[in-house]
Amino acid sequence: MPRATTEILDLPLDVRPEPDDLIRAAMQWHFGAETGSPFWLERAKNLPFDPLTDIKTHDDLTLFPNVAAELRDVPAQDLIPRGYGPSPDIVGVFESGGTTGAPKRVVLLRDWLDRMLHWSNLNLDAHGFPRGTDWLGIVPTGPHIVGEYFRRSAATYGRHGFTLDLDPRWVKKLIAAGDRAAAGAYAEHLIDQAAFVLRTQDIGVLTVTPPLLERIAHRDDLVDLVNKKVRAIRWGGTQLDPDSRHLYKTDIFPDTVLCGNYGSTMILGFGGERPGLPDDAGCVFDPYSPYVTFVVVDPQTLRPVGYGERGRVLVHHVSKSFFLPSNLERDVATRIEPLPGQAGDAVADITPVETFENEAVIEGVY
Amino acid sequence: MAAPGTDVVQLDALGARGPYQTRNRLTVTDVAGRERAELSLVPSLFVDRTIKALRGADTPAPDERIGMINRAAELFATATLNGLTPDAYTHLVSRVGGTPLSVVRATVTAIAARLRRAHHSVDQARPTGAVHRWNDPLTRTGRAVWVPRGDVFAVHAAGNHPGPHSLWPEALALGYRVVVRPSRREPFTPHRLITALRTAGFGDDHVALLPTDHTTADALLQGADLGLVYGGEDVVRAYAADPTVLPQGPGRSKVLLTRDVDWRDHLDTIVDSVSGHGGTGCVNTTAVFVEGDPAPLCAALAERLAAVPSLPPEDPAAVFPVQSLATAKALEAHLLHRASGTRPWLGGEGVLGELGDGSAVLRAAVHQLDSPHSPQAAVEMPFPCVWVAPWSRDAGVVPLRDSLVLTAITHDDSLVSELVEEPSISNVYVGDHPTYWMESGLPHDGYLAEFLMRCKTVIRD
């Protein structure tokens, strides 16, 4: 292993590598016999190219097949690069939401967590989040990585992080079964618990999903509490439409910072809202390039769509701790020009893959 | 205002603080696919906040409400509202919904007439023992008082025909605050009606228009106390167990002719019941039952309906409804599929009258069934489509069940008694009355006020 390779993968937190330098170093690391993970070393045997020699640039990542589905079955231990040695510093094993079938697993290592948090905290600074306050997280916990990021963000950027149990899979099951009443009761149960924390603790930052933020907005007493105490709201997990965003920023929580994240378990993190967007626009999200990158593609050809056009979000994660290229997410987004020096695309107006409404109900007159 | 139909009309949501234009807007196209309006779709957060504001609003006194509804009736029929003259508005409804222009115009007149009598209409539903106010002298010795069951009433409106919009203003007369979710096929009428009501004096926080996409629609019913939902059998099933929602499902209106009458004397009524008002209503006839051989009636119906020309909806002489070619083809395919095994008299090869601009007239269909129990008799289509079946005393009331309106052309009083007593038949018209006949003050599917009001006892010293 040439020394330069690990240097590029281990750059100080405030130095970002050139995208193509990162890719070449990562190939040496993840596909090197001494350093790569058992999963990738085995998987590489079935690739129609040699990553060590054929993958040289960020654009080359799309040559990789989408192996995300294989993360449903692979033993988590096999995902850890051997280069970390016999006792890698592991934060935990986390799972995808489980919207479509069995969950996929990833391993979160300390060095990546620190790197991601460093970047994410800089984004909070840019949005004017207050430092040193207590945080309340109404976000999935347990096997979901968002809960871990919440705790670590609260601990590094704020003071105490208050959490509650939130199982999104159970909610999805209730909704799929058409049991809206039970899904609603569960959501109210969550808000009831959050209310205890909001009333008694000095909560300066609220992390929440948009559907649950809407339930907070439904309760006048909680709106008053948020306006009195909470100085910044960080939302993520599902999308916030531009009209609701505008209502929150101008009408419901006019003096509170509102900042969105767009993330997924499979990128071991999230993109952050671009600071300084107007109140009446949709959110633009920039990823932590070059480690995490987005490409908005035509789902058939996997070629990028034009700027301003809609396509599926293809994500790549390339770090020392993990490699997952060419993962086609279930989201549709508008392709936006990246900030200078960033690889890939920024994304906006994210929606789930279009599902077709009952276009014309054939029988009947309505 | 330019000539009708040249501009794209902005249809804002009408929220509790006035008109509200969203970033999320739906393009409303006419039957030829041309853009005619942009409809602001609100998110559930806005629905929630609007309903909250309505819930907190004061209700004007009853006579003041009636006065405002009266003024709104006049404005709705005659004023320029949201930049649209009555002519521009009716033209748009016709072009977008595909409803014949003469039908739209007649409906505007009918809606205004019905609004003017809203006070009369709701009072017909009041139990004779009940009084309006707690301080009526009769309550001194104990009396029923007629009161609303809630504060906010939500309506998922229909798009097949503007007519049903004459119903929900009764809730305003009764003291409710009302939110209406328009159909994407016909948002013009509720937008105009609510604009008229506001111009006439109702507060922005009293009656609101909240267009939403499909997934947000339920937020209105969740937030309101009571709701009215138009839809098919799926909608009826979905809300069957919900006592706060009144579903308005399939009409499946029918005509019955017994052996003691000659259908030839009633052909006008039958043709009219099938195709009147564009043939798109729940009160249009879906099936005709004949005691005896249905074939001669089928032949006569086919002859009469075949003679109707295919015209664009905005043509003053148009009779049949028009849809985009794609929708019309889907409807035709469905009809042909369902009609298999029946005897076609008209429309057996298809019902489209293509207009060459991407739209098509949905022409009438007449099919003969070989049994009163054939399942096709329940197939209700949004155009003049009639199934004619033989009927006998042995078949009895069973095939006549589940009818919004049953016109019974018969001299058999004991049969009429049976039909009136049948719970699943909502209205019985005996003799020469088309199934679409309606009159202010008479129940359509029961009185709406039966659902909106209750009686409570008040006694005082």
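A residue counts as buried when its relative accessible area is under 20%, as exposed when over 50%, and as partly exposed in between (1.4 Å probe, protein chains only). B:Asp412 has a relative accessible area of 15%, so it is buried. This is a predicted model, in which local features need pLDDT of at least 70 and side-chain atom pairs count only at pLDDT 80 or more, while totals for chains, interfaces and linings use all residues. Residues are numbered from 1 along each chain as its sequence is written, chains are lettered from A, and side-chain values use heavy atoms, without hydrogens and water.

Leaving aside neighbours within four places in sequence, B:Asp412 is in contact (heavy atoms within 4.5 Å) with B:Asp260 and B:Arg393.

Now consider the chain as a whole. Chain B is divided into domain 1 (9–249) and domain 2 (253–430), with bounds that come from an automatic or database domain assignment. The C-alpha centres of these two domains lie 30 Å apart. In domain 1 of chain B, 15 residues are in contact with 20 residues of domain 2 of chain B.

The area buried between the two domains is about 1300 Å², and carbon and sulfur atoms give 50% of this. Buried area is the accessible area (1.4 Å probe) that two parts lose on being put together, summed over both. B:Val31, B:Arg95 and B:Pro100 supply 35% of the area that domain 1 of chain B buries against domain 2 of chain B, more than any other three residues.

Two salt bridges are counted between the domains; the term requires a side-chain nitrogen of Lys or Arg within 4 Å of a carboxyl oxygen of Asp or Glu. The side chains of B:Arg95 and B:Asp357 also form a salt bridge, at 3.5 Å from N to O.
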